[in-house]
Amino acid sequence: MQRLGCGAIDRSHIGSHVEFNGWVNRRRDHGGLVFIDLRDRDGLTQVVFGPEDSPAFEEAHSLRNEDVIRVRGAVRARPAGTENPRLKTGEVEVQALELQVLSRSEVPPFPVNLDEDVDEGLRLKYRYLDLRRPRLVRNLTVRHKYLKAVRDFFDANDFLEIETPVLIKPTPEGARDYLVPARLTRGSFYALPQSPQILKQLCMVAGLGRYVQIARCFRDEDLRSDRQPEFTQIDVEMSFVEQEDVMRIMERMMIETFERTLGVTLEKPFPRLSFGEAMRRFGSDKPDLRFGLELVDAGAIFAGTEFAVFKSTLESGGAVIALRWPGGAASSRREFDAIVERAKEHGAKGLVWIALGADGVKSPIAKFLDGRTLMALREACGAQSGDAILIVADKTPTAQGVAGKLRLDVAERAHLRDPKSFAFCWVSDFPLFELDEETGHWTFTHHPFTSPAPGHADLMESDPGSARALHYDMVLNGVELGSGSIRITTPELQQRVFHALGMSNEEIQERFGFLLEAFRYGVPPMGGMALGVDRIIQIMVGESSIRDVIAFPKNQQGRDLMLEAPSPVTKANLEELGLRLAGEQR
RNA sequence: GGCGCUGUAGCUCAGUUGGUUAGAGCGCCGCCCUGUCACGGCGGAGGUCGUGGGUUCGAGCCCCAUCAGCGUCGCCA
């Protein structure tokens, strides 16, 4: 007897005897006839129990949602007129001859057989029930297929999948580490990797050539809808390559894996922007290219303006940046107030709006807008009657950043962010360092192993802010999927970068001595990249939260509501590790 | 750590200016029903209104505190 999945039967099975195992999705009990929709991962199959099938028929009355049953019976065509076109298996049904109840279910805490929004805390507590629902099954299936395609791609391109350890060494830079006390070395701690960065570089020193890993990474920072404390990266490193080589193979990988997973054909090559261009045109280092609405430098247009804010901004070398809001002119005063408020949340001091209504132009600064200025603005923004124009004035980076965020706001309002389209791009030529506002110290944009661009090494000391890096990001729909870089491979240069970051020789030796030592034994030029799997899948399936593409995610407090982790440990546990909780008596 | 939204039946929600006995749909329980597929019909059970305090003759509703979930800023090499 054939054992089949509930989504698997069709007309070709008519007449055959089959066995099904699954969960009762729904019972429709007509007294003299009982219908059961049987569910498993694949889908639904209708099972029919009639009085002639007794004793199965008798027991069928007692079935309840989520009971686990085994049914043996015959596949037959449904009577003409009773087919269900909404069901994949809707042309056929199973006439039950034998019924075995394998497990009874209590009434579940939320409906499993409806695609209804349920409180997420409840879903997470009973994740095993949530995972029975088709939406999450689909997400996990896409994830599986995608990772399979990724592995196949790298296998076909001569990469070795290598597992690196999860218990490694703390790295005080960057994100907060998860620490694990070392029982055998009291007072010392392992850290969980924020990424296998150094290990994969050492794989290159080892001569392994092309490394890939579907790597779990850990960062002890606050959670967001797109951030979990543990997450998965496609981690890649290659020897004897330049930036172009890495970008090409990663781009090819995305094109092939999207094709294989979703059957979509991505446009190639991916557009490329420099960091500076991305900031100028889109006000973001991860531009959403699903729509236009490029930023407009309106400095020249307002060169002679009497409007004090614009005037003083321009005189002090700042920027006046304009942005088209499609259809924005129809907005109410309240909606304009809201967008001004958004601009302030984004860090602007204020926002000027101009409504290009059919019945005339409205704006808080209308009296400063002569016909020529308006015409020039309209032209530069590509705005039409019915649109609005938003203008931000500030120091250039601030104005760009604010305008970039407003660009996303207005795109959202105008429904231009189509979740079904995939707009990739590359952003490169990042600054090597950025200034930490709090400490006033230079810190790395990517990570401290990133090579300066050719000819930029000396800028590290003379003008750190203007040094560029061999660093590239892959961006999809305004989301940074991941970063890569060409690595530093000379101990001297690496040392200079550490110095530029304010590290002493002792610190360098203590933290990264092993790496510098490794570089003394013959190190190939190398570069690589890491891409966030969870975000890729999230965009592929159009979910608004990364949690919906992870089987067992943590909530905003970093807790697993199902396992109730983290949890306290016993005094004996602590003692064995040589730990005592602060504030606790001896 | 800051800010915002939410918390009423198992689930999703409604609940008027503070006023008698807190409602609906689904689910659940019982009975009936041979072609349903959100089956249908009849009947029924089910509520510390997140928690604590306060104001008031009277609080689901107002005030304060607190807990939880989500979003967001900080944070995220």
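This is a predicted model: local features need pLDDT of at least 70, side-chain atom pairs count only at pLDDT 80 or more; totals for chains, interfaces and linings use all residues.
With a relative accessibility of 0%, Ile69 counts as buried. In space, Ile69 is 5.8 Å from Gly22, C-alpha to C-alpha, although 47 residues separate the two in sequence. Strand β5, spanning residues 68-77, also contributes at least two residues to the lining of the largest cavity, as does β6 (92-103). The structure holds 1 cavity of 30 Å³ or more, and the space in the largest cavity amounts to about 30 Å³. The lining of the largest cavity consists of Arg70, Val71, Arg72, Glu98, Leu99 and Gln100. By class, these lining residues comprise 3 charged, 2 nonpolar and 1 polar.

The loop between α1 (56-60) and β5 contains Glu66. For Glu66, phi is positive at about 75°, although the residue is not a glycine. Glu66 is buried, because its relative accessible area of 3% falls under the 20% cut-off. A positive phi, near 50°, is likewise found at Leu293, a residue other than glycine. Leu293 is placed in the loop between α7 (275-282) and β13. Its relative accessible area of 9% means that Leu293 is also classed as buried.

Of the atoms of RNA strand B that come within 4 Å of the protein, 53% belong to sugar and phosphate. A polar side-chain atom of Glu221 is placed 2.5 Å from a sugar or linking oxygen of RNA strand B. For Pro109, a polar backbone atom is 2.7 Å from a sugar or linking oxygen of the RNA strand. A phosphate oxygen of RNA strand B is approached by Arg547, with a polar side-chain atom at 2.8 Å.

The surface near RNA strand B is made up of 22 charged, 15 polar and 12 nonpolar residues. Among the secondary-structure elements, β2 (17-29) and α2 (120-125) each provide at least two residues of this surface. The largest share, 3 residues, is supplied by β2.

An open sheet of 5 strands is arranged in the order β13-β14-β17-β15-β16, and its pairing is antiparallel. At its edges are β13 (296-297) and β16 (360-362), each of which pairs on one side only. Within the sheet, β15 (residues 352-357) and β17 (residues 388-394) run antiparallel and are joined by 4 bridges. Ala355 has Ala388 of β17 as its bridge partner.

Cis peptide bonds are found at two proline residues described here. Lys268 and Pro269 are joined by a cis peptide bond with omega of about -5°. Pro269 is situated in the loop between α6 (243-262) and β12 (272-274). The peptide bond from Ala565 to Pro566 is also cis, and its omega is near 0°. Pro566 belongs to the loop between α15 (533-541) and α16 (571-577).

Technical notes
Residues are numbered from 1 along each chain as its sequence is written. Chains are lettered from A and ligands numbered from 1 in the order in which they are written. Side-chain values use heavy atoms; hydrogens and water are left out. On a 1 Å grid over the protein atoms alone, a cavity is a set of points where a 1.4 Å probe fits but cannot get out, and a pocket is an open set with protein on both sides within 12 Å along at least five of seven lines; lining residues have an atom within 4 Å of a point. Grid points are joined across faces, edges and corners, and a volume is the space filled by probe spheres set on the points. Ala, Val, Leu, Ile, Met, Phe, Trp, Tyr, Cys and Pro count as nonpolar, Asp, Glu, Lys and Arg as charged, and the others, Gly among them, as polar. A residue is near a molecule or strand if one of its heavy atoms lies within 4 Å of it. A polar contact is a pair of N or O atoms within 3.5 Å; within protein, one must be able to donate a hydrogen and the other to accept it, and residues adjacent in sequence count only if both atoms are side-chain atoms. Two strands pair if DSSP finds at least two bridges between them. Buried means under 20% relative accessible area, exposed over 50%, partly exposed in between (1.4 Å probe, protein chains only).
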